[in-house]
Amino acid sequence: MTGVLSAQIRAHDGLTAVDGGAGITLTDCAKTFPDGTRALLPLSLEIKPREKMVILGPSGCGKTTLLRIIAGLETPDLEGSVYFDKDDVTGVPIETRRVGMVFQSYALFPTLTVAGNILFPLRLKKIDKAIQNARLAQLAQFVGIEGLEHRHIHELSGGQKQRVALARALAVEPRILLLDEPLTALDASLRERLRAELSSLLDRLGVTAIYVTHDQSEAMALADRIVVMDRGAIAQVGTPFEIYEKPASPFVAKFIGAAALIPAHAHDGGIHVQGQRIAAYPDKRGDVFLVARPEDLAPTSDGPLEGQVTAATYFGDRKRLHITLNDGPPIIVDTPPETALEAGDTTQLGLTSDKPRILTP
Ligand SMILES: Nc1ncnc2c1ncn2[C@@H]1O[C@H](COP(=O)(O)OP(=O)(O)OP(=O)(O)O)[C@@H](O)[C@H]1O
């Protein structure tokens, strides 16, 4: 057997290098639907071969539309173009793009068995039976569903269904794997486990993977880089570290890591909140925001900030306080689980680091 998948699976077995995974170049891709909805403003994006790129953003920001343009299920407005490596695929239909897709709803055929679902794309292409069987065995082993090949879809758990959907997407030996919220239908603990498993499967496959989610911890866990989207536009592209540590805008800071933005002023070499100097800051002068994530502030006995606890939730490993700062925004503060503070208490707060993250508006 030859082809990308064989190479991919051999790579998984440690036998050979991988030759799969195309780079993707989107140029000026906008999308206006016939009813006039502008789902995407013109955007350009480069995705490297074998990169795990996560598209992250709130509901309705255009994530799925962007994914469907890469898949060939939508065409961009006239000025846009899509390249896979050096091939212009803008007008090429999904069947000939060599992409695999995995959906939130699994989109499995309920009347077919596991094997029937996985082999469906190969049967369409009338691939030789012996090759089909060999590939089924490889894929079942690869995604961890051996022994379930003859089950019907309704006899599977959610996690097993998702593995079947992944195996079917891989059956076509894709250069690019597109995953649209594939874990959303699963319960939290299974989602976390499969997320880790999927991440390592994608690494071993060496395929270029585009993964859509609105769940930022999923994005952080899986991505080489994240595209954060806001209302049809790209708000920031960067590694999880860059997006978390250097958010490009208030939108990105608030969307990633439950950050509150506290209005502050930079002058005389320091950051000042409500007239109180809270940290050294030699860089700039003027109005700025202090980025306050749950780990950035802690209750203290001597300020400099003060606020009222509006809710306190015990999580076992920590206690999460919702606090409204005096003359300031509501913030979230994670404290050790034994913290005595409860809703209704007033507390002083200090920074946990002497290098706070500062955002200029
Ligand atoms: N076929 C369509 N016709 C008209 N408008 C559409 C169509 N498909 C999507 N839209 C609109 O385009 C915008 C972007 O939709 P899209 O599905 O890409 O968002 P999303 O970020 O994937 O959202 P979600 O996380 O809720 O799935 C939305 O306002 C949506 O209503």
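Residues are numbered from 1 along each chain as its sequence is written. Because the model is predicted, local features need pLDDT of at least 70 and side-chain atom pairs count only at pLDDT 80 or more, while totals for chains, interfaces and linings use all residues.

Me: How many helices and strands are there in the chain?
Reply: Helices (H or I, at least four residues) and strands (E, at least two) are DSSP runs, numbered from the N terminus. The C-alpha trace spans about 75 × 50 × 45 Å along its principal axes. The chain holds nine helices and 20 strands.

Me: How far apart do the C-alpha centres of domain 1 and domain 2 lie?
Reply: Domain bounds come from an automatic or database domain assignment. That assignment gives domain 1 as 4-98 + 173-250 and domain 2 as 258-359. Their C-alpha centres are separated by 35 Å.

Me: Which helix gives the most to the shell around the ligand?
Reply: A residue is near a molecule or strand if its C-beta atom, placed from the backbone, lies within 6 Å of it. There are 13 residues around the ligand, and Phe33, Ala39, Ser59, Thr64 and Thr65 come nearest. With three residues, the top contributor is helix 2 (residues 63-71).

Me: How many residues of the shell around the ligand are charged?
Reply: Ala, Val, Leu, Ile, Met, Phe, Trp, Tyr, Cys and Pro count as nonpolar, Asp, Glu, Lys and Arg as charged, and the others, Gly among them, as polar. The shell has three nonpolar and eight polar residues. The charged ones number two.

Me: How many of the nine residues of helix 2 are buried?
Reply: A residue is buried if 20 or more other C-beta atoms lie within 10 Å of its own, exposed if 12 or fewer, and partly exposed in between, with C-beta atoms placed from the backbone. Buried residues in helix 2 include Lys63, Thr64 and Thr65. Just after the helix, Gly72 takes a positive phi of about 95 degrees. Helix 2 is mostly covered, and the buried count is eight.

Me: Is Leu194 buried or partly exposed, and why?
Reply: Leu194 sits in helix 6 (residues 188-205). Leaving aside neighbours within four places in sequence, Leu194 is in contact (C-beta atoms, placed from the backbone, within 7 Å) with Gly159, Gln162, Leu183 and Leu186. Because 19 other C-beta atoms lie within 10 Å, Leu194 is partly exposed.

Me: Which residue in strand 19 stands opposite Leu297?
Reply: Strand 15 and strand 19 (residues 346-351) pair in the antiparallel sense. Their pairing runs over four bridges. Opposite Leu297 stands Leu351.

Me: Which residue takes a positive phi in the hairpin of strand 12 and strand 13?
Reply: Strand 12 (residues 270-273) and strand 13 (residues 276-280) pair in the antiparallel sense over four bridges. Val273 has Gln276 in strand 13 as its bridge partner. Two residues lie between the strands, and the positive phi, near 50 degrees, belongs to Gln274.

Notes
Pairing = 2+ DSSP bridges. Contact = placed C-beta atoms within 7 Å.
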